[in-house]
Amino acid sequence: MRALSELMDLRGRVALITGGGGHVGRAIGEALAEQGAIVALLDFDAAAAERAVDRLRVEYGATATGLIVDLRDEDATRAAPAAVLEKYGRLDILVNCAALVGTSGLEDLTAPFPKQGTVTWRLALEVNLTAAFVLSQASSEALSAGGRGSIINVSSIYGMVGSDMSLYEGTTMGSSAAYGVSKGGIIQLTRWLATMLAPAVRVNAITPGGILRGQPEPFRKRYVDRTPMRRMAVEEDFKGAAAYLASDLSAYVTGQNLVVDGGWTIW
């Protein structure tokens, strides 16, 4: 029987993380780098990707690289796993973390429902859901080759439950239909892929709760008041979940949705 330290060891394995320059993507990249993985961070923001890669190299001594890809471009998205294979010779872990969210600068994404446009709807579905399908498809052969492949899809509590609009009263914040639908789709894509790619590849989801990022005080107070753990999430909260699902710690786990929300969805 292997020790826990052996089960969590990712040395020799290669991970591709989308949204790798963003808050959660960076945290997941750090977790896998700490376990010894080679890490490729995919992001459309070249500066953010470069900063994240530099941190992995300096702080963790990791082998890391950045891939600058716009996930709206299917051809470029589909080519990303091949670029990782060409550079490192293998691909063992795919983390679909990138998403358009309320802070992405799309004015109508979280506007009142009558003003949420179909152009933004299609764009959010393309980045949040379709790109995960394309990357999983393009990665499946390489992930299968090693026999211990792992796909981790990042969803959201709003992919599980409806929006509580009372949280937003008195703020400029809102809730996006496209975001919730795309994140619900991610959970179902996880289940579907788990049956299609087993036994060589495991497919699981992480569902974060609300993450503290300078939201207005009225929203924060209401959110915390209805959270059993009495706080919002921070990026560090997702490192353990990623470490577990990427490694042999979860070798017999597939098709599952690991909810990391401080209990927010249990009411």
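Accessible areas were computed by the Shrake-Rupley method with a 1.4 Å probe, and for residues only the protein chains shown count as cover. On this basis the protein chain exposes about 12700 Å², of which carbon and sulfur atoms supply 56%. The structure is a predicted model, in which local features need pLDDT of at least 70 and side-chain atom pairs count only at pLDDT 80 or more, whereas totals for chains, interfaces and linings use all residues. Residues are numbered from 1 along each chain as its sequence is written, and side-chain values use heavy atoms, with hydrogens and water left out.

The radius of gyration, taken over C-alpha atoms, was compared with a globule rule of 2.2 Å times the number of residues to the power 0.38. Because a compact globule of 267 residues would have a radius of gyration near 18 Å, the 18 Å of the protein chain agrees with that expectation. Along the principal axes, the C-alpha atoms fill a box of roughly 50 × 40 × 40 Å. Buried residues (under 20% relative accessible area, with exposed meaning over 50% and partly exposed in between; 1.4 Å probe, protein chains only) make up 49% of the 267 residues. Of the contacts (heavy atoms within 4.5 Å) with a separation of 6 or more, 74% are accounted for by residues 24 or more positions apart.

The protein chain holds eight helices and seven strands, which are DSSP runs numbered from the N terminus (helices H or I, at least four residues; strands E, at least two). Strand pairing requires that DSSP finds at least two bridges between the two strands. Strand β4 (residues 93–96) runs parallel to strand β1 (residues 14–18), to which three bridges join it, and alanine 15 has isoleucine 93 of β4 as its bridge partner. Four bridges join β4 to strand β5 (residues 149–154), again in a parallel arrangement, and valine 95 stands opposite isoleucine 152 in β5. In a regular strand the side chains alternate between the two faces of the sheet.

Leucine 197 lies in helix α6 (residues 177–197) and is buried, because its relative accessible area is 16%. When neighbours within four places in sequence are left aside, leucine 197 is in contact with Ser140, Ile151 and Val203. Leucine 197 and isoleucine 151 are 46 residues apart along the chain, and their C-alpha atoms are separated by 9.9 Å.
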